[in-house]
Amino acid sequence: MQVFFNLLLTLPLGIYLRYYFKKSFKQTLIITFLVSLFFEFTQLTGIYGIYKYPYRVFDVDDLIINTLGGIIGYFITPLFKYMLPDINVIKSKNFNIGKYSTYPRRLIAFFIDWNICFYF
C-alpha cells in the first residue's frame, strides 16, 4: 500500500511537467528526482527545525518509487491529452485575464497563509 501511494504522490507531477511545461523525459526525470529528494530530506531533518527530533527516516526506496511515479506520469500523459483541452488555446484565452492580482487580494492571501502556517 505504501508503494502505491508513493507512486501516486508524484504521478501528477510527471503529467503536469509534460503536458503544461512541455518538458522532455530527461528534464522530467531530474525534476521528479529532486522533488522526491526534497521530500526525503524534509522527513530526515524534522521539517526544517520546527521539531526537535525528526520523526521519519530517509528511505532510498521511497526516493526511487517517487521518481518512478513521475516517470509513469510522463508516459501516461498522452492518455490525458484526449480528455484535457489544448494548453495553447487555454493560454491564449486567459493571457490578459487575471494577469496580475491586486494588492488587496495579495494581502488577504498573505494573511490566510500566515494564519494557516501559524496555527497548524
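Good morning. The axes of helix H1 (residues 2-19) and helix H2 come within 10 Å and cross at roughly 145 degrees. Here, axes are lines fitted to C-alpha atoms, for helices over the stretch in contact, and angles run from 0 to 180 degrees between N-to-C directions. Helices are DSSP runs of H or I with at least four residues, strands are runs of E with at least two, and both are numbered from the N terminus.

A word on the source. This is a predicted model, in which local features need pLDDT of at least 70 and side-chain atom pairs count only at pLDDT 80 or more, while totals for chains, interfaces and linings use all residues. Residues are numbered from 1 along each chain as its sequence is written, and side-chain values use heavy atoms, with hydrogens and water left out.

Which residues meet? From H1 come Leu9, Thr10, Leu13, Gly14 and Leu17, and from H2 come Thr28, Ile31, Thr32, Val35 and Phe39. By class, this contact of H1 with H2 has six nonpolar, four polar and no charged residues. Nonpolar covers Ala, Val, Leu, Ile, Met, Phe, Trp, Tyr, Cys and Pro; charged covers Asp, Glu, Lys and Arg; the others, Gly among them, are polar. Contact means heavy atoms within 4.5 Å.

Let me turn to two threonines of H2. Thr32 lies in this helix and is buried, with a relative accessible area of 0%. Buried means under 20% relative accessible area, exposed over 50%, and partly exposed in between, with a 1.4 Å probe and protein chains only. The side chain of Thr32 reaches the backbone oxygen of Thr28 at 2.8 Å, and a polar atom of that side chain lies 3.1 Å from the backbone oxygen of Leu29. Such a polar contact is a pair of N or O atoms within 3.5 Å; within protein, one must be able to donate a hydrogen and the other to accept it, and residues adjacent in sequence count only if both atoms are side-chain atoms. Leaving aside neighbours within four places in sequence, Thr32 is in contact with Leu13, Leu17, Thr67 and Gly70.

Thr42 is also placed in H2, which spans residues 25-44. Why does Thr42 count as buried? Because its relative accessibility is 16%. A polar atom of the Thr42 side chain lies 2.7 Å from the backbone oxygen of Phe38.

Next, the aromatic residues. The whole structure has 10 aromatic pairs; rings of Phe, Tyr and Trp (its six-membered ring) pair if their centres lie within 6.5 Å, with planes under 30 degrees apart counted as stacked, over 60 as edge-to-face and the rest as tilted. Tyr16 and Tyr20 are stacked, at 5.4 Å centre to centre and 5 degrees between the planes. Tyr20 and Phe21 are edge-to-face, at 5.0 Å and 85 degrees. Tyr16 is partly exposed at 44%, as are Tyr20 at 28% and Phe21 at 42%.

Lys22 is in the loop between H1 and H2, and its phi is near 55 degrees, a positive value in a residue other than glycine.

Finally, the protein as a whole. There are five helices and zero strands, and buried residues make up 22% of the 120 residues.
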